[in-house]
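Take a moment to look over the sequence and the fold.

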Amino acid sequence: MCGVVGIVGKSTVNQSIYDALTVLQHRGQDAAGIVTIDEQNRFRLRKANGLVKDVFQEQHMQRLQGNLGIGHVRYPTAGSSSPSEAQPFYVNSPYGIALAHNGNLTNANELRNKVFELARRHINTNSDSEVLLNIFASELDKFPTYPLSADNIFTAIHQVHKIIKGAYACVAMIIGHGLVAFRDPYGIRPLVIGKRILEDQQVEYMVASESVALDILDFEFMRDVMPGEAIYITQDGQLYSQQCADNPQYYPCIFEYVYFARPDSMMNGVSVYQSRILMGQKLGKKIAREWSDTDIDVVIPIPETSCDAALEIARILNKPYRQGFVKNRYIGRTFIMPGQMTRKLSVRRKLNANRIEFEGKNVLLVDDSIVRGTTSQKILEMVRSVGAKKVYLASAAPEIRHPNVYGIDMPVASELIAYNRTVAEIAKDIGADKVIFQDLTDLIDSITEQNPNIKHLECSVFDGKYITEDVDDTYLSILKQQRSDNKRSLFNKESENLEIYNEGQ
């Protein structure tokens, strides 16, 4: 999972992109990058491993000149954590194109060879995003005229949709032209567009993974970029849009609402906050119905994504709601740590239990989901160590039994706590007295009730149905091997930072 942003402004956009990336930091903490186009039509790029605040220092920001730019925060699901795979990527031909991508291509391995054989384009990293960039560049290269028209760009994206499979929300820049943004035909990964009207009535445009990035920069939310749609904004601010997919359908990722997105974001016409409220209401009713004889003294969320759901559960059960954990806000989200060893070590540093809320009580803990079970196990051990009598665990999401191939780091089924286990076995493995999960139908309703135009959601981690229809056991086996290789590479990760700028400046 990653975060992307692009801005076409009337003044330097470096600070605005930086600020947008800081509020998208929850989508990726492995690496960050910004590329701008300066007055001489040259790329200015800075990218490196680390958080936004650490990657960009004053000297880097001074070099990132230009009124047009894109940015990216990375959480690696394909490729590795090497700084060479930080985004945005760029190619010199045609024109000069830079691109940042959120998602995962399911046919990247096949395309990697075709790009070289058919277009003589070399892919320098293991990143599927670099593959996507080169395919886009290859399609643009077929037009002999300069400059490209909006129709040329949309035709190229139409071909890209036909060639690549998987999930992708992209922002790109073409030197001498402007900013391009497009979304896969299923709308799996989110993308929104907004505008800001200046005092002189000039208009600036912005695209981003979540609406919260628009909010903090005072851009007015216009709408979601539709599945299969492409946006083209010229350097002087003319906006064009066109549907570029033959059969677009709404299948947004359900896990965005469960965990990834910020609660103050609007996504696909749905309030993330309200969806989590509804998750709590539906799960609370299930607990009241199925656990009527369970002796719960207090309801405590595992911060922070589950807090809204837990509050509703406590209200429905008529039990006290308490904040029993103190969170160290200087530790990143454990689910998106780049390796399992790092993930395990960070759990205890991230949370501390407030003994007074647990000692001598039967506690219902509420979490947004249970993925590998590593975090849950450590938290339950902590809770028992401060004197809890019984510990129950409620998950606002159903059991996660299947790998994710569309940009979430769940590619190996055997690592999932619910894989080939019953609910009772899950409870035993993580050390809970009881565990209860949300029903999938209730989770889906929590989202679609707000937007009836969404008829389907991408739910493969729960139901094993992959909408791109190209995911089979062979593909999952290859993905498992790649993940194993990436784990080993974490212990030999390069330490250098990447930086490109003009000499003498």
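**From strands to cores**

Strand S12 (residues 229-234) pairs with S8 in the antiparallel sense, over five bridges. Find Val180. Opposite this residue stands Tyr232 in S12. Keep in mind that this is a predicted model.

S8 has another partner. Strand S7 (residues 166-174) also pairs with S8 in the antiparallel sense, here over six bridges. Pick out Val171. Its bridge partner in S8 is Ala181. S7 and S8 form a hairpin, with three residues between the strands. In that hairpin, Gly176 takes a positive phi near 85°.

Is S8 enclosed or open to the outside? Count its buried residues. S8 covers residues 178-183, and six of the six are buried. Buried means under 20% relative accessible area. So S8 is largely enclosed by the rest of the structure.

Now turn to the nonpolar cores. The largest has 41 residues. Which residues have the most contacts inside it? They are Phe255, Ile400, Val405, Tyr406, Ile408, Met410 and Phe462. Several helices give two or more residues to this core: H8 (255-260), H9 (272-290), H15 (440-448), H16 (460-463) and H17 (473-489). H8 gives the most, with five residues.

There is also a second, separate core. This second core has 33 residues. Among them are Ile97, Leu99, Ile135 and Cys244.

How values were computed
Residues are numbered from 1 along each chain as its sequence is written. This is a predicted model: local features need pLDDT of at least 70, side-chain atom pairs count only at pLDDT 80 or more; totals for chains, interfaces and linings use all residues. Side-chain values use heavy atoms; hydrogens and water are left out. A nonpolar core is a set of buried Ala, Val, Leu, Ile, Met, Phe, Trp, Tyr and Cys residues joined through side-chain atoms within 4.5 Å. Buried means under 20% relative accessible area, exposed over 50%, partly exposed in between (1.4 Å probe, protein chains only). Helices (H or I, at least four residues) and strands (E, at least two) are DSSP runs, numbered from the N terminus. Two strands pair if DSSP finds at least two bridges between them.
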